[in-house]
Amino acid sequence: MAFSYVSGVLTADGVPLDRLAEAVGTPVYVYAASRLRANYQAYARAFARDPVDVCFALKANSNQSIISLFARFGAGADVVSEGEMRRALAAGVPPEKVVFSGVGKTRDELAAALVAGIHQINVESLPELEALSAVATALGRTAPVALRINPDVDAGTHGKIATGRKEDKFGIDLGHAVAAYAKACSLPGLAPKGYAVHIGSQLLNISPYDDAYGHLSDLVIATREAGLKVERLDLGGGLGVPYQGEAAPDHDAYAGIVRKRLGNLGCRLTLEPGRSLVGDAGVLLARVIYVKEGLHRCFLIVDAAMNDLMRPTLYDAYHGIRPVLEPAADAPLSPMDVVGPICETGDTFARQRPLPPVAQGELVAFMTAGAYGAAMSSTYNSRPLVAEVLVDEGQWAVIRRRQTFEEMLALDVTPQWRHL
Ligand SMILES: Cc1ncc(COP(=O)(O)O)c(C=O)c1O
Ligand SMILES: N[C@@H](CCCC[NH3+])C(=O)O
């Protein structure tokens with residue numbers, strides 16, 4: 001267990017979290033390398049005999065130490081902006097292991113990707129295809145391209161993170177796909193390699209993959225029947241993690257679907273997992289500022305807020321909350337609203353959560369916060385970006401230091417024009 005109580009204190013790979021909080025301050029994200037490794041190995045094991053490349057989706061956690069850890073395990077990177085591409089390359093991911101996804105890549109981003117020589121650009125519309133052709137031609141380069149398709153499959157996840165339904169903004173409609181692929185083959189500067197699909201995030205039930213990959217298989221066959229070559233398939237990410245004790249999707253079962261639907265097509269496959277690599281490897285540590293016993297509610301007011309961990313307010317997401325000091329086994333539970341200091345009612349991590357007594361000044365850990373936690377944080381309410389710490393085999397290191405107030409303020413510029 002990456003996070004467990006040892007001698008009455010919650011630890012990350014054996015390092016007591018109260019000691020870390022003392023040294024680094026709160027709020028702070030803490031990641032356990034043992035879990036990152038195990039999560040990567042789960043993919044490596046399940047796909048050991050398949051022609052599969054794992055490209056870590058940086059959007060889930062874009063800290064360079066985390067990226068380079070996965071790069072050392074053998075992973076590539078799935079990026080969605082020039083910033084993410086730069087992070088991947090700076091963290092040591094070779095360009096030939098980087099895929100670039102995203103519905104609105106600018107010409108500047110396309111050019112940067114071509115100059116960097118990345119493995120593949122996943123194009124999501126005809127205008128983007130034309131833009132890429134023009135950019136590549138102007139640079140005298142050839143762009144390795146996959147077309148992301150929209151299979152019209154409901155991933156059965158939260159509506160804000162489902163991406164493969166026909167009304168979603170992502171991908172090229174299945175009905176247009178062969179024509180778009182033929183167009184890609186005819187445009188200068190493009191080297192079409194295959195297709196990409198990503199139906200959504202936090203899938204606990206994997207059967208929607210069966211439908212999506214079935215459509216993908218039919219599409220490959222139809223494309224080849226049109227006389228066009230298809231060599232690669234990018235299957236996206238999306239495997240969910242248990243936030244509330246649900247059963248985790250089984251990697252072998254997922255690999256089974258991939259093999260059944262796509263195994264006989266002779267294509268090189270890419271996976272783009274994000275959350276399932278990092279989600280359960282991180283916690284957000286916060287300190288209780290006040291315990292407010294109202295007439296109607298008891299509020300635990302902590303020093304982390306929605307700007308540090310946005311998922312609860314954005315998706316009504318559940319994160320386990322554990323006191324860092326282990327509660328007695330027979331400690332009574334009472335309903336608490338766990339909230340941050342931000343001036344919004346939505347700055348609420350949990351409502352009426354049964355918790356053991358936690359006193360002012362004590363520490364709590366928001367569990368399963370390794371994915372889409374720090375990566376989605378902001379400085380709203382002028383709260384500096386929090387620190388991140390990596391724990392590995394008893395050692396720990398700050399892998400992002402806390403932003404200073406000076407750094408936060410330094411971006412603002414006061415115009416020097418004359419006041420009339
Ligand atoms: C194109 C693409 N690939 C990969 C991912 C990673 O998804 P997840 O973190 O659910 O594995 C996403 C985000 O959902 C995505 O949009
Ligand atoms: N940000 C989302 C996942 C989005 C996936 C992006 N493709 C979450 O925290 O659950």
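**Figure 1. The surroundings of ligand 2 in the predicted model.** Welcome to the first close-up of this predicted model, where ligand 2 is surrounded by Lys 59, Ile 161, Ser 201, Gln 202, Arg 311, Tyr 315, Tyr 372 and Met 376. Sorted by class, this shell holds 4 nonpolar, 2 polar and 2 charged residues. Domain 1 (3-30 + 279-409) and domain 2 (33-275) both contribute residues to the shell, so ligand 2 lies between them.

**Figure 2. Where domain 1 meets domain 2.** Across the boundary, 20 residues of domain 1 are in contact with 18 residues of domain 2. On the domain 1 side, strand 20 and strand 21 (395-400) each supply at least two of the touching residues. Strand 20 gives the most, with 4 residues. The class make-up of this side of domain 1 is 11 nonpolar, 4 polar and 5 charged residues.

**Figure 3. The largest nonpolar core, with Val 30 in view.** This core has 120 residues, and among them Val 30 and Leu 147 touch the most other members. Helix 8 (residues 207-225) gives the most to the core, with 6 residues. Both domain 1 (3-30 + 279-409) and domain 2 (33-275) give residues to this core, so it lies between them. Leaving aside neighbours within four places in sequence, Val 30 is in contact with Ala 12, Leu 17, Leu 20, Gly 282, Val 283, Leu 285, Val 389 and Val 391.

**Figure 4. Helix 5 and its two faces.** Take a look at helix 5 (residues 107-116), whose buried residues are Glu 109, Leu 110, Ala 113 and Leu 114. These residues cover an arc of only 135 degrees around the axis, which puts them on the same side of helix 5. The face turned away from that buried side carries the exposed residues Asp 108 and Val 115. Among the elements covering the buried residues are helix 4 (82-90), strand 7 (98-100), strand 8 (120-123), helix 6 (126-139) and strand 9 (143-150). Helix 5 is followed by Gly 117, whose phi is positive, near 75 degrees.

Figure 5. Our last stop begins with the peptide bond from Thr 26 to Pro 27, which is cis, with omega near -5 degrees. Pro 27 sits in the loop between helix 1 (17-24) and strand 4 (28-32). Next comes Asp 316, which has a positive phi of about 55 degrees although it is not a glycine. Asp 316 belongs to the loop between helix 11 (311-315) and strand 16 (321-323). Asp 316 is exposed, with 11 other C-beta atoms within 10 Å. Asn 381, likewise not a glycine, has a positive phi of about 65 degrees. The loop holding Asn 381 runs between strand 19 (363-366) and strand 20 (387-392). Asn 381 counts as partly exposed, with 14 C-beta neighbours inside 10 Å.

Key: Residues are numbered from 1 along each chain as its sequence is written. Chains are lettered from A and ligands numbered from 1 in the order in which they are written. This is a predicted model: local features need pLDDT of at least 70, side-chain atom pairs count only at pLDDT 80 or more; totals for chains, interfaces and linings use all residues. A residue is buried if 20 or more other C-beta atoms lie within 10 Å of its own, exposed if 12 or fewer, and partly exposed in between; C-beta atoms are placed from the backbone. The arc is that of the directions from the helix axis to the C-beta atoms. Two residues are in contact if their C-beta atoms, placed from the backbone, lie within 7 Å. A residue is near a molecule or strand if its C-beta atom, placed from the backbone, lies within 6 Å of it. Ala, Val, Leu, Ile, Met, Phe, Trp, Tyr, Cys and Pro count as nonpolar, Asp, Glu, Lys and Arg as charged, and the others, Gly among them, as polar. Domain bounds come from an automatic or database domain assignment. A nonpolar core is a set of buried Ala, Val, Leu, Ile, Met, Phe, Trp, Tyr and Cys residues joined through C-beta atoms within 7 Å.
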